[in-house]
Amino acid sequence: MTPVSPSLDDRLDEAAAAQDPRAAVSFVLREAYDAARARAERKLDAGLKGREVARLYAAAADEMLAALWRVATQTLFPVSAVESERLSLVAVGGYGRGVLAPFSDLDLLFLRPAKATPRGESVVEFVLYVLWDLGVKVGPSVRSVEECLSLSRTDMTVRTTLLEARPLAGDQRLAELMIGRFRDMVSKSDPRPFIAAKLEERAVRHEKVGSTRYKVEPNVKDGKGGLRDLNTLYWIARSLAPESRLGATVMDELFTPRERRTSDEAFDFLWRVRIHLHLIAGRAEEKLTFDMQPEVARRMGWRGRGDEPAVERFMRRYFLVARDVGALTRAMSAKLEARHQKTAQGLSRLMTPFRPARRKLEIDGFWIDQGRLSVEGPEVFAADPVKLLTLFTAADKQDLDLHPDAFSAVTRSLSLVTPRLRRDPAASRAFLDVLAHGQRPYRVLTIMNETGLLGRFLPEWGRIVGQTQFNMYHAYTVDEHTLQAIGVINDIARGKLTTDHPMASEIVHLISDMEALMLGMLLHDVGKGGERGQLEDGAIAARRACERLGVDPRRIELVVWLVRSHLALSDYAQKRDLSDPATIRAFAELVGDPERLRMLLVLTVADIRAVGPGVWNGWKGQLMRTLYNRVAALFRGEDVAREDPLSVHPALVERARRTGAAAEAAPVSPVEGLPVQATEISIAAADRPGLFADLAQTMAALGADVTDARVATEDGVVLDVFRVQDGAGLPYGQAEPRRLKTLVEALEKAARGEGRIGQAPQPAGNARKAAFEVRPVVMVDHHASELATVVEVSCADRPGLLADLSRVFNDEGLSIRSAHVASYGERAVDSFYVVDRKGRKLTSEQRIAELRTALEVVLDSRAPAPAGRKVRSARASARDVSELGRRARKPVSPGEQAR
């Protein structure tokens with residue numbers, strides 16, 4: 001006969017009799033708790049819905065706590081018949097709702113009838129110590145019934161946690177007494193202060209983690225469009241019907257069946273993502289960082305399709321869910337306000353001054369409700385679908401947000417957007433008025449995008465909604481980045497950015513066709529992910545969209561050119577020698593006339609600024625102004641002779657002629673209203689083979705990270721200008737000035753060929769960088785310069801990369817006449833103007849092939865992961881890294897096709 005295994009209670013009773021009962025009980029519970037959690041994880045892997053898995057984790061905690069409570073209250077500290085000894089364990093907060101992520105806190109209420117007793121304190125202490133021994137994070141509170149009720153009247157955080165109170169163990173009657181009295185109190189209370197507190201709390205939370213829901217490393221729990229936003233809706237519903245489980249009664253009243261389905265799907269998706277995050281990290285990780293995204297995508301069953309990798313498809317789904325959560329929030333707000341409109345001036349606007357309740361507009365069916373634009377209902381759009389667009393024109397002219405009723409009416413009317421409406425001149429005119437002539441196009445187009453109307457009216461746009469690019473350069477989704485860029489152009493035109501962008505703010509008023517500029521900005525990225533490449537597919541899509549909108553043919557050609565060329569100014573400015581007349585002539589030939597030059601400058605400034613915080617800086621602004629001014633001078637018929645690159649540092653060059661080498665350093669002065677981001681180091685020295693390599697190696701050995709570099713040679717003297725940061729991303733020497741002094745002295749010695757140069761330190765493991773597979777690319781261009789061959793390389797950025805590359809050129813018998821270093825998140829893109837030892841361009845195909853092979857050995861490296869951690873990687877998106885190779889009239893080799 002098979003022996004019967006002892007039950008958990010039997011094992012715990014045995015453990016309680018041990019010499020160290022706490023350790024023994026912890027050992028038994030850990031084994032049982034881990035087994036229950038493992039069962040939940042297997043269910044997750046088997047495809048169980050996210051919320052159901054979260055309930056399994058909560059059930060595992062319930063079982064563990066019930067057993068722990070029994071052994072504490074019945075075996076170790078037996079219960080007394082005295083009334084004051086009554087004690088109850090209650091789950092509150094998220095745990096009270098019956099859902100948990102693997103490493104979520106357990107919010108527990110130790111409930112007593114009145115004052116604390118020695119026995120009660122002993123029970124609480126033992127339970128907490130065991131939970132801490134198990135590695136469980138606990139959010140404990142010890143209160144009486146009266147304390148719970150008193151605090152919940154004024155403290156909305158306490159009220160929130162008690163809304164979801166659920167008895168776990170102990171005195172059931174005591175727990176039910178508190179819960180019953182609490183719910184009775186809530187049902188008789190004015191719900192508006194609680195709702196206002198929740199909405200304010202949400203606003204503060206969004207401000208803390210990011211006000212847009214389209215940041216490419218979102219916080220799944222607290223971010224905009226995340227689980228906490230959904231929970232807020234349920235807390236509000238529960239406050240209106242505290243007796244209803246999970247506020248179901250109110251939710252059924254406030255949401256349509258379709259909205260309930262959307263809510264359920266969003267909950268399931270977000271819970272699955274969150275649970276996977278916890279399991280991968282082994283802790284309560286809530287941020288979906290780059291190093292987590294590929295593995296979460298894999299675990300959730302996503303696969304790549306065409307040129308779109310699995311991680312980007314997964315993240316696009318995430319952002320579409322986040323958008324749905326925003327729509328649910330608006331829908332619920334509308335219903336709540338309708339419910340309480342006689343006593344509240346809009347539940348989300350409780351603290352605002354009184355506004356007239358309703359005021360009709362001239363457009364039939366539109367009216368202003370509590371300072372927001374609303375409509376009589378979806379039937380307004382059914383009668384005249386053009387009003388879907390004119391609604392947003394009116395919102396812009398009146399400077400109003402949409403009322404949630406209007407928002408919902410638009411979303412329910414998207415089926416009215418037919419091919420006929422897309423070609424309707426009145427609809428097109430309304431759309432272009434908002435885009436090119438609106439007061440606040442970013443805000444209005446963002447709302448249009450949130451409703452789904454923008455992607456439905458403009459199918460080319462619909463393909464980039466929620467689209468991400470798996471790289472560290474872009475901070476937002478493609479659609480959010482584009483909308484922000486449109487907002488930047490509008491701010492420039494309205495004089496709000498004169499300090500940041502003085503040239504763009506001046507020339508924007510010389511642009512004669514703002515509609516073409518804004519259409520170019522709107523459509524500049526719609527080709528991302530296309531088979532022909534971003535620029536070509538973007539140009540095709542832009543032409544199609546403009547023709548459908550009824551845009552004038554000449555204007556269409558201008559828009560198409562802007563889309564096809566929107567990377568040109570940035571590429572030429574950052575990756576080519578601006579002192580070389582060939583660069584200026586080539587760019588002028590590409591642009592064609594001053595109007596296009598002006599447009600391209602404004603578009604490029606907005607495009608880069610909208611990539612993310614800190615991407616735009618004074619160095620880039622200086623380079624673009626230089627290119628603009630030189631090309632503009634050429635258009636005016638002025639000479640574009642080669643500039644003396646040494647003229648910017650005459651004293652330094654003179655000192656170098658006397659002593660053989662000279663170096664100086666200074667913080668980069670704040671330019672265009674931006675903070676100092678790097679230290680600028682200038683070195684002048686007599687030219688010699690290997691000079692640049694020695695300088696780069698010296699900086700790498702001393703921990704200086706080169707973010708930008710410019711090298712120029714004239715009359716046997718080389719001027720190198722580097723911008724460097726320390727390992728923390730701060731200007732080199734800012735934290736430790738002595739390091740900067742040491743670096744300057746070392747660079748002077750290296751320039752003279754004196755002393756021994758150390759090796760660059762090995763980079764520390766970085767999980768976020770290790771997540772990216774950056775494909776190395778080598779491009780060789782004979783046509784960019786009349787005097788040198790241009791070699792452009794692209795690969796994973798790392799300390800010492802510049803030194804290794806320059807050493808390869810030296811070993812191959814090449815001299816660097818000019819160098820241009822740029823970084824795009826995890827990727828470095830460096831351009832070198834090189835000649836052989838006799839000062840000639842490269843012409844031998846064999847020699848070019850040997851150079852390419854040598855460079856690829858250096859380029860083929862990947863950032864290491866932290867010790868002991870395995871990071872799943874994915875191909876980094878490089879769709880908008882240098883397009884200059886595509887523009888080369890006769891590229892030597894198709895290396896860039898590797899991208």
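This is a predicted model: local features need pLDDT of at least 70, side-chain atom pairs count only at pLDDT 80 or more; totals for chains, interfaces and linings use all residues.
The fold is built from 38 helices and 18 strands. Contacts that reach across the sequence are well represented: among contacts with a separation of 6 or more, 73% join residues 24 or more positions apart. Of the 899 residues, 58% count as buried. The accessible surface comes to about 37,300 Å², and carbon and sulfur atoms account for 50% of that area. As for charge, there are 130 positive and 122 negative side chains, and the centres of these two sets lie 3 Å apart.

In soluble globular proteins, nonpolar side chains tend to be buried together. Here the largest nonpolar core holds 120 residues, of which Leu389, Phe431, Leu523 and Phe587 touch the most other members. Helix α30 (residues 594–609) supplies the largest share of this core, with nine residues. Another core, of 99 residues, lies apart from it and includes Leu65, Leu199, Trp271 and Val774. Within the largest core, Phe431 illustrates the packing: leaving aside residues up to four places away in sequence, Phe431 touches Leu389, Leu445, Met448, Leu454, Phe457, Leu458, Leu522 and Leu549.

Two loop residues complete the picture. Pro385 lies in the loop between α15 (379–383) and α16 (387–398). Beyond residues up to four places away in sequence, Pro385 touches Leu416 and Leu421. Pro385 and Val526, 141 residues apart in sequence, are 25 Å apart in space, C-alpha to C-alpha.

Asp399 is found in the loop between α16 and β8 (401–402). Its relative accessible area is 37%, so Asp399 is also partly exposed. The backbone deserves a glance at this position. Most residues other than glycine have a negative phi. Asp399, which is not glycine, has a positive phi, near 55°.

Definitions and conventions. Residues are numbered from 1 along each chain as its sequence is written. Side-chain values use heavy atoms; hydrogens and water are left out. Helices (H or I, at least four residues) and strands (E, at least two) are DSSP runs, numbered from the N terminus. Contact means heavy atoms within 4.5 Å. Buried means under 20% relative accessible area, exposed over 50%, partly exposed in between (1.4 Å probe, protein chains only). Accessible areas come from the Shrake-Rupley method with a 1.4 Å probe; for residues, only the protein chains shown count as cover. Lys and Arg count as positive and Asp and Glu as negative; His and the chain ends are not counted. The place of a charge is taken as NZ of Lys, CZ of Arg, CG of Asp or CD of Glu. A nonpolar core is a set of buried Ala, Val, Leu, Ile, Met, Phe, Trp, Tyr and Cys residues joined through side-chain atoms within 4.5 Å.
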